[in-house]
Amino acid sequence: MQASLPALPAGAAPERGLPVLPELAARLAGAAARSEPEPPGGGFGLLAAACGYWARRGLPTDPGHVVAAPGAQPLLLALLAAAGGDVLLTRPCAAWYAPLARLAGRPAFHVPVPAECGGVPDPFALLETVRRIRAEGGRPRVLLLSVADDPTGSVAPPELLHEVCEAAIAERLTVISDETWRDMRHDPGGTVFLGPAEMWPEDVVVLTDLAGALAPTAWPVAVARFPATGRGPVLRARVTTALTAVRAELPPPVAEAAAYALAEPAPVRARTAAAVRLYATLATAARERLDKLGVLSRPPEAGPYLYADLGELRGALAARAITDSVELEAHLSAALGRPVPGGHRFGDAPDDLRVRLSTPPLLGTTDDQRQRALDSPDPLALPEVGAALTEFASAFSRLAAG
């Protein structure tokens with residue numbers, strides 16, 4: 001398991017996202033006077049909206065097989081506690097997965113990803129890891145993957161995903177599919193998104209965090225879809241019991257706004273499309289600047305992140321006494337004035353010299369600036385965005401120069 005890590009620099013709370021959609025704010029305000037609490041696991045209106053969301057994506061769902069919680073973290077924590085056994089994660093994976101496995105008391109093992117994408121493990125490495133864990137007396141029970149991935153920003157191709165899930169299910173693993181960024185694919189006509197539950201609907205739990213994709217980052221709300229048969233009903237019951245025990249219910253105004261977002265009316269669809277265009281533009285521009293300096297990253301395909309590998313600059317970095325991703329994180333966080341988490345936080349070895357780069361900070365510091373970027377046909381031409389990209393490139397250029 002991954003050891004405890006030093007804290008990120010001050011200000012490393014969840015970063016500021018895009019401005020709140022006015023229609024969402026109106027829903028929240030309209031429900032502010034509700035005095036009755038939302039039931040643990042979510043009220044019928046929210047759960048029905050989640051069912052509609054999944055049905056539009058080829059996953060017919062009944063409200064009795066859905067659970068909602070105030071954020072993906074408490075929901076995943078309850079899921080891992082309910083599933084039992086050892087957890088298999090990709091290397092790299094989202095920074096919050098491994099700490100939650102530790103908190104749930106579940107041993108976690110990282111499996112390397114293939115060369116073409118992140119978010120899903122190499123299928124042969126997965127099988128070898130499962131066999132090794134069992135040979136050492138462990139109980140592998142859960143595979144946590146993410147087809148549209150944080151941190152790498154890549155989308156796993158359907159044929160690879162099919163191989164991985166076929167192997168996992170044959171080994172009797174419960175697959176948890178984090179599909180938070182599935183609607184933030186930069187090119188919907190490019191790599192087809194196919195979730196594991198679309199192939200094995202009775203063997204996969206789907207987890208979707210609305211915060212950042214359909215709702216503001218400051219409004220924690222997430223939903224999970226459980227299989228109707230097999231372990232699904234038992235897992236859902238255990239998760240609901242755990243959420244009830246710690247009073248992890250949603251505030252009614254947030255639940256009301258989340259139900260509106262999941263219904264995807266025209267304003268929500270328009271905002272999602274604008275956010276996708278903006279993230280794609282920023283990520284492509286950032287990657288182009290990194291490429292010129294010899295900093296490698298996979299082509300951005302989904303979400304607001306790039307995962308950069310500075311291994312080609314190892315000599316220049318060593319001249320600055322930067323020899324691992326812990327030191328690289330500290331240097332870039334100071335240089336850019338915001339947290340730049342190193343690859344060690346995502347399960348990679350510190351010697352790999354990787355960092356995850358987030359694009360929303362390039363939009364400016366105020367909601368007005370971020371709204372202008374959302375509305376602009378050419379956000380890169382905006383002064384604040386241009387200045388931020390210049391500062392971004394300069395920080396890496398100085399590193400490359402040694």
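How many aromatic pairs does the structure hold? In this predicted model, the structure holds five aromatic pairs.

**Trp-181 and Tyr-305**
- The ring centres of Trp-181 and Tyr-305 lie 6.1 Å apart with the planes at 90°, so this pair counts as edge-to-face.
- Trp-181 belongs to the loop between strand S5 (174-178) and helix H7 (196-199), while Tyr-305 is part of strand S9 (residues 305-309).

**Tyr-307 and Phe-346**
- Tyr-307 and Phe-346 also make an edge-to-face aromatic pair, at 5.8 Å centre to centre and 85° between the planes.
- Tyr-307 sits in strand S9, and Phe-346 in the loop between helix H12 (325-336) and strand S10 (354-358), so the contact ties together parts 39 residues apart in sequence.
- Tyr-307 has a relative accessible area of 8% and is therefore buried, the cut-off being under 20%.
- For Phe-346 the relative accessible area is 1%, so Phe-346 is buried as well.

**Arginines over tyrosine rings**
- Tyr-305, the partner of Trp-181, has the charged end of Arg-356 over its ring, 3.8 Å from the centre.
- Elsewhere in the chain, Arg-57 lies over the face of Tyr-53, at 3.7 Å from the ring centre.

Terms used
Residues numbered from 1 in each chain as written. Predicted model: local features only at pLDDT ≥ 70, side-chain atom pairs only at ≥ 80, totals over all residues. Heavy atoms only, no water. Phe/Tyr/Trp six-rings, centres within 6.5 Å; stacked < 30°, edge-to-face > 60°. Helix = DSSP H or I, 4+ residues; strand = E, 2+ residues; numbered from the N terminus. Buried < 20%, exposed > 50% of the residue type's maximum accessible area, 1.4 Å probe, protein only. Lys NZ or Arg CZ within 6 Å of the ring centre and 35° of its normal.
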